[in-house]
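Let's take a walk through the charged and aromatic side chains of this one. Have the viewer open and follow along.

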There are 2 protein chains.
Amino acid sequence: MAAAALSFLTASAQQSLWDISEYESVKVNPDRTVTFCVSAPKAVKVEVVGDFGSASLAEGEKGVWSCTTGPLESELYNFRFYVDDLPYNDPGNTYVQRDISNLMHYFIVPGNPGDLYSVGDVPHGTVSRVWYHSDVLGKDRRMAVYTPAGYETSGNKRYPVLYLLHGMGGDEEAWLCTGRAAQIMDNLIAKGEAVPMIVVMTNGCTKHQAAPGESVEGNFRPYNSGSSDTSFEAHFKDVISFVDGRYRTVRKSSSRAIAGLSMGGGHSYWISMNYPKTFDYVGLFSAAVRLRTAKDGIAPEMYEDVDAKLDRLFANDPKLYYIAIGKDDFLFNENKAYREKLDSKGYRYVYFESEGGHVWRNWRIYLADFARRLFK
Amino acid sequence: MAAAALSFLTASAQQSLWDISEYESVKVNPDRTVTFCVSAPKAVKVEVVGDFGSASLAEGEKGVWSCTTGPLESELYNFRFYVDDLPYNDPGNTYVQRDISNLMHYFIVPGNPGDLYSVGDVPHGTVSRVWYHSDVLGKDRRMAVYTPAGYETSGNKRYPVLYLLHGMGGDEEAWLCTGRAAQIMDNLIAKGEAVPMIVVMTNGCTKHQAAPGESVEGNFRPYNSGSSDTSFEAHFKDVISFVDGRYRTVRKSSSRAIAGLSMGGGHSYWISMNYPKTFDYVGLFSAAVRLRTAKDGIAPEMYEDVDAKLDRLFANDPKLYYIAIGKDDFLFNENKAYREKLDSKGYRYVYFESEGGHVWRNWRIYLADFARRLFK
């Protein structure tokens with residue numbers, strides 16, 4: 001490590017912190033092509049890599065590199081630049097999404113489903129970050145809560161609740177950020193395609209109180225952490241109890257749904273079977289249905305007697321047991337085996353098999369499809 | 001513009017979107033020195049520029065550049081790298097703050113005042129993004145609202161309200177993000193240095209409904225926009241009416257404060273004099289007290305009869321009229337002239353003159369100082 005000679009901040013240095021860049025790093029054109037642009041006069045090579053593909057930018061005047069794609073299908077896309085192989089986000093493009101430990105730019109190509117992920121000209125729900133106490137874990141924790149438009153002005157009206165869980169490495173911000181859950185719910189509700197509901201987004205890593213930077217842990221490095229030791233499942237009764245106490249909920253299984261992606265699908269799988277008369281709607285999105293570790297968790301019995309618990313769960317005839325996964329998902333075979341088990345028992349479920357793999361593109365689609373089916 | 005040949009996303013490209021970087025780009029050491037680190041094997045020059053100064057990084061093994069500062073005073077610092085003069089944020093460092101149109105990394109050196117800006121091991125308030133309707137503007141708009149810990153469980157208890165306004169180019173996210181308002185309020189209230197209060201953070205640019213990316217305007221480019229045409233001031237009665245209707249507020253001037261920075265200081269100046277029996281506490285932080293443009297705004301009378309309005313305002317003997325500014329602020333002379341005017345009339349105010357200029361470091365200090373004086 002070199003000891004740095006710190007210089008006083010010069011006017012030009014300060015200026016550089018605040019200046020807006022002259023070029024827009026991404027622009028969605030009316031014909032659904034997308035133009036990327038980077039000012040990098042000293043670069044030899046500039047590329048863009050996104051979940052739409054990758055491309056090389058060509059150098060133009062004054063060291064401004066650019067390229068334009070062909071027309072893209074409507075979607076929310078993430079991307080990043082590489083400037084001489086250096087992974088690069090434009091500091092003057094403030095539109096970034098965090099997925100676990102990475103920031104990526106994003107843009108939306110309008111149409112279907114892009115419009116569903118965009119802020120619509122519709123009534124907007126309230127999104128709150130709320131702290132609750134868990135007796136089971138002995139600590140305060142943070143959750144994100146979406147209350148639909150009209151919640152605050154609807155007197156004593158009570159609402160159904162969707163508990164929406166993220167995957168390994170995620171946190172209570174994941175569904176709101178990359179998942180676009182607030183936009184999806186606002187738009188579906190405004191169109192009458194989903195009923196007004198409360199959406200509760202918890203933090204599935206019980207080691208942490210909150211998302212990175214939002215707890216006393218400060219700016220820790222996010223990584224692929226989660227809970228697969230029964231602690232999250234065991235503490236979930238504190239979550240339900242808090243939500244039912246704080247919000248005007250309908251406290252019945254017919255007005256409760258739980259769904260999650262990947263690890264959160266695993267959590268939904270375990271929670272639904274361990275709280276058998278609590279949720280009439282269960283959604284497993286690319287679910288890690290075999291998720292589990294220690295038998296020495298705080299409630300090891302939660303990971304035991306699976307068959308008996310599934311018997312009990314399905315004996316209650318849940319209104320919807322929903323399984324969705326992409327053809328290329330690395331958890332496809334695990335889910336196939338689970339479906340075969342359900343089939344062998346004659347348990348009813350809805351199955352949605354999409355293209356693609358273990359990606360947010362699919363989870364947004366699954367959320368919208370699932371939300372349309374709830375509480376009707 | 002070159003037409004790009006889009007390739008299908010390869011496994012390695014996708015991988016690169018999700019990988020965590022091997023190196024921490026900033027680390028605050030126990031001795032309050034700070035180590036910066038960038039992996040840039042092809043770079044010739046790597047620098048860091050922040051509001052603490054600037055430094056060159058030295059290249060070590062495998063193209064990893066680093067440097068360590070001397071001990072820094074406790075503060076929240078912003079910084080950015082420059083890799084061969086390219087402004088660079090590390091995509092694997094997810095801690096960024098947006099100031100208008102720029103993303104900057106940040107870190108906090110513990111102590112005083114850094115601890116005040118950190119998430120403490122204290123009860124946390126709820127932070128909500130809420131939509132309200134303005135009849136004056138004829139549109140829905142977005143605000144951020146902080147309700148203190150205990151608000152939801154305190155029955156019919158009513159709370160005082162601080163209306164906290166941002167500067168030119170900012171929005172309803174500014175005080176929460178770079179301003180650390182939620183952390184400051186949590187920590188002050190927990191220590192008993194501030195009374196529990198609601199903090200309402202509006203969007204001071206009436207042209208927009210909401211912060212960038214949060215309205216139907218989509219991902220527009222943020223820039224130095226604001227309102228200095230009476231529209232914000234005129235619509236503020238809708239804000240107060242909404243807040244008093246939605247939250248359990250004490251609807252008295254003795255329980256209302258308004259404060260803002262720069263343009264928001266100007267707004268506070270105009271609003272306090274045009275709503276003379278509404279706020280007993282007024283805070284002008286680096287205020288643009290001469291802020292005004294058109295005489296053809298929607299309520300031009302709001303920018304007229306200043307002397308008579310100030311007479312009326314001070315005749316009500318406000319509990320606190322607070323002016324704070326830095327010695328190097330470009331608005332220093334404007335504020336000096338205003339203070340001289342107040343002095344000549346014999347109006348009482350509290351004046352806090354700090355070091356430094358027109359920067360967030362000062363506005364955080366002013367907020368904490370102001371909040372400690374409210375509603376006592």
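Start with A:Asp244 and A:Arg256, which form a salt bridge with their closest N and O atoms 3.0 Å apart. A:Asp244 sits in helix α5 of chain A and A:Arg256 in strand β15 (residues 256-261), so this pair ties together parts 12 residues apart in sequence. Both A:Asp244 and A:Arg256 are buried. Keep in mind that this is a predicted model.

Another bridge brings together A:Asp280 and A:Lys319, at 4.0 Å from N to O. Here A:Asp280 comes from the loop between α6 (263-274) and β16 of chain A, and A:Lys319 from the loop between α7 (306-315) and β17 (320-326), so the parts being tied together are 39 residues apart in sequence. A:Asp280 has 14% relative accessibility, so it counts as buried.

What about bridges between chains? B:Lys42 pairs with A:Asp85, with 2.3 Å between the closest N and O atoms. That contact runs from the loop between β2 (34-39) and β3 (46-50) of chain B to the loop between β7 (75-83) and β8 (86-88) of chain A. B:Lys42 is exposed, at 55% relative accessible area, while A:Asp85 is partly exposed at 36%. Over all chains there are 36 salt bridges, and A:Arg129, A:Arg142, A:Glu172, A:Glu173 and A:Glu214 are linked by such bridges into a network.

A:Asp186, in helix α4 (residues 181-190) of chain A, is buried yet has no salt bridge, and the nearest side chain of opposite charge, B:Arg142, is 8.6 Å away. What does the side chain of A:Asp186 have as a polar contact? The side chain of A:His124, at 3.0 Å. A:Asp186 also touches other residues, including A:Val122 and A:Tyr146.

In one of them, A:Phe232 and A:Phe236 have ring centres 5.5 Å apart and planes at 55°, so the pair is tilted. Both lie in helix α5 (residues 231-246) of chain A, four residues apart, or about one turn of the helix. A:Phe232 is buried at 0% relative accessible area, and A:Phe236 is buried at 0%.

Last, look for charge over a ring: A:Arg248 lies over the face of A:Tyr151, 4.3 Å from the ring centre.

How values were computed. Residues numbered from 1 in each chain as written. Chains lettered and ligands numbered in written order. Predicted model: local features only at pLDDT ≥ 70, side-chain atom pairs only at ≥ 80, totals over all residues. Heavy atoms only, no water. Helix = DSSP H or I, 4+ residues; strand = E, 2+ residues; numbered from the N terminus. Buried < 20%, exposed > 50% of the residue type's maximum accessible area, 1.4 Å probe, protein only. Lys, Arg positive; Asp, Glu negative; His and termini not counted. Polar contact = N/O pair within 3.5 Å; in protein donor to acceptor, adjacent residues only side chain to side chain. Contact = heavy atoms within 4.5 Å. Phe/Tyr/Trp six-rings, centres within 6.5 Å; stacked < 30°, edge-to-face > 60°. Lys NZ or Arg CZ within 6 Å of the ring centre and 35° of its normal. Lists of a residue's contacts leave out its neighbours within four places in sequence.
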